[in-house]
Amino acid sequence: MATKGGFIMLRVGNPGATCGIFPGDQGCYKQLFELSPDPTWIIDGNRFVECNEAAIKTLGYPSRDDFLNVHPAKLSPPRQPDGEDSYVKAERMMAIAKDKGLHRFEWIHTRANGTDFVAEVTLAAIQLLDRQVIYCVWRDITERKQTEQALAHSKQQYDILVSKIPFGTYILNSKPDGSFGLDYVSPRAAELLEASEQSLLADVTVVFQTIHPDDRDAFIKLNQEGIEQLRPFEWSGRVGSNGYVKFLHIGSTPVPQANGEVLWLGIVEDITKRKQMEEQVRQLAFYDPLTHLPNRRLMGDRLIQSLAESKRSNRYGALLFLDLDNFKALNDKHGHVVGDLLLVQAAMRMKSCVREVDTVARFGGDEFVVMMGDLNEEKAASTALAGSAAEKIRTALAEPYRLAITHGSPIDALIEHRCTASIGVVVFIDREGTHDDFLQLADTAMYQAKTAGGNLIRLSEATCWS
């Protein structure tokens, strides 16, 4: 065997002797041809001129004489699966093989009983003595194609199932060298991560870019720690761009493989509605629904925290307890709707008088509490700061209120009302009492201001040494 002009030259035995298409004696090449388990042919021109026993058996004909010297299209259905005429396509395939020397493709053949099967066909252009012929080998891949179709059908069913569930799924593959990538990502997971399946499969770090910038570093750190320590991954945070933010929960479980790789079977779930409901519950539990100020419960928690901070810093804080002086008259005359309007305006005025770090809370009815922390290490200086804030609030609350009554638009009525405040002030530090003690002292000082005529500030001079 030798090569010439890009083709295989096959010289067999004695050039003077012949045996079918094979010249010479019944040598090793003839045996290889005959004993091949795959159907094997010689195409001369555009017709089958020789075949082995495997070809006869595969096609189911009694002998080779029943189908030799025919065009390949004669052993095929009229058209191939792509719709092309079998004769035209066979001519094109043989032309490619002659041009390139080797060509492999899939083909539908027909048995003697009329049934079709799928074959992987390899055509090799060779020189047999002084003639160019095509050496053709079939491999029946019907079972393989059926398996592929079954797998494709199973995947289709799986994708349909996955598309119906509200969360996404993925498989992350982490390798021994520390690298990792996605082996699979469901369409729903890609949608939730705001990326295409193709981009995620090509580069898993695309996920990092979808995470909200404020949550990204923590996500990357948690992901790396999970891979290094081989522990389940759990993360909840924000994803989003263009002004829209949603909350996702991403979790996965590691499944070590025999080759040292680890498959992480994960889910991606949209928890935005859950977060919104949790926030609503939190608002109801800790905030006043009318003014949206912290309520009595949240104020108590923050006061406890402020006392603990004062112990560490040795700096005083202050409580201002307020009661509106002329509020009941407004409610009695115009009703609770108008009274609520005044409470909302009063809350806004108080917030505008204090620092962002201070807390303004509604205690109930027309009572409010202002908590100021981290004032000064000296009690006198802290008292002066608290007194200044109280005076600023008293002045702001004493300004007339203009309350617009509407039942749609425009304004139906405009009510003007004056409503001052009585304010009790106490400065505190952790070593001098509990949060309940200081609230009681501020409340007592407030009642002293109200008893004295209202629109006044009273400083509690009592102490709570324990």
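1. On the side of helix 11 the contact is made by F327, L330, N331 and H334, while helix 12 contributes H336, V338, G339, L342 and L343. Sorted by class, the residues where helix 11 touches helix 12 are five nonpolar, four polar and no charged. Please keep in mind throughout that this is a predicted model.

2. Helix 12, which spans residues 336-352, also packs against helix 13 (residues 379-398), at an angle of about 145° and with 9 Å between the axes. The crossing of helix 12 and helix 13 is right-handed. In this pair, A346, R349, M350 and S352 of helix 12 meet K392, I393, A396 and L397 of helix 13. The contact of helix 12 with helix 13 is made up of five nonpolar residues, one polar residue and two charged residues.

3. A further pair consists of helix 10 (residues 296-313) and helix 14 (residues 435-451), whose axes are 10 Å apart and meet at an angle of about 110°. From helix 10, the residues G300, L303, I304 and L307 meet H435, F438 and L439 of helix 14. Five nonpolar and two polar residues form this contact of helix 10 with helix 14, and no charged residues take part.

4. The cysteines deserve a careful word. A disulfide is a covalent bond between the sulfur atoms of two cysteines. If a pair of cysteine sulfur atoms must lie within 2.5 Å to be counted, the count for this model comes to zero disulfides.

5. Two residues call for a look at the backbone angle phi. Most residues other than glycine have a negative phi. L230, however, has a phi near 55°, a positive value in a residue that is not glycine. L230 sits in the loop between helix 8 and strand 12 (233-241), and because its relative accessibility is 40%, it counts as partly exposed. D374 also has a positive phi, near 55°, and is a residue other than glycine. The place of D374 is the loop between strand 17 (367-372) and helix 13, and its relative accessibility of 47% means that D374 counts as partly exposed.

6. Distances along the chain and through space can be set side by side for several residues. Q229 is in helix 8 (residues 213-229), and at 45% relative accessibility Q229 counts as partly exposed. Between Q229 and S76 there are 153 residues in sequence and 59 Å in space, from C-alpha to C-alpha. R431 lies in the loop between strand 20 (421-428) and helix 14, and with a relative accessible area of 44% R431 is partly exposed. From R431 to L265 the separation is 166 residues in sequence and 53 Å in space, again from C-alpha to C-alpha.

7. Is Q149 buried or exposed? Since exposed means over 50% relative accessible area, and Q149 has 54%, Q149 is exposed. Q149 and P78 are separated by 71 residues in sequence, and their C-alpha atoms are 23 Å apart in space.

Definitions and conventions. Residues numbered from 1 in each chain as written. Predicted model: local features only at pLDDT ≥ 70, side-chain atom pairs only at ≥ 80, totals over all residues. Heavy atoms only, no water. Axes fitted to C-alpha atoms, helices over the stretch in contact; angles between N-to-C directions. Helix = DSSP H or I, 4+ residues; strand = E, 2+ residues; numbered from the N terminus. Contact = heavy atoms within 4.5 Å. Nonpolar A, V, L, I, M, F, W, Y, C, P; charged D, E, K, R; others polar. Buried < 20%, exposed > 50% of the residue type's maximum accessible area, 1.4 Å probe, protein only. Left-handed = near helix turned anticlockwise from the far one by under 90°.
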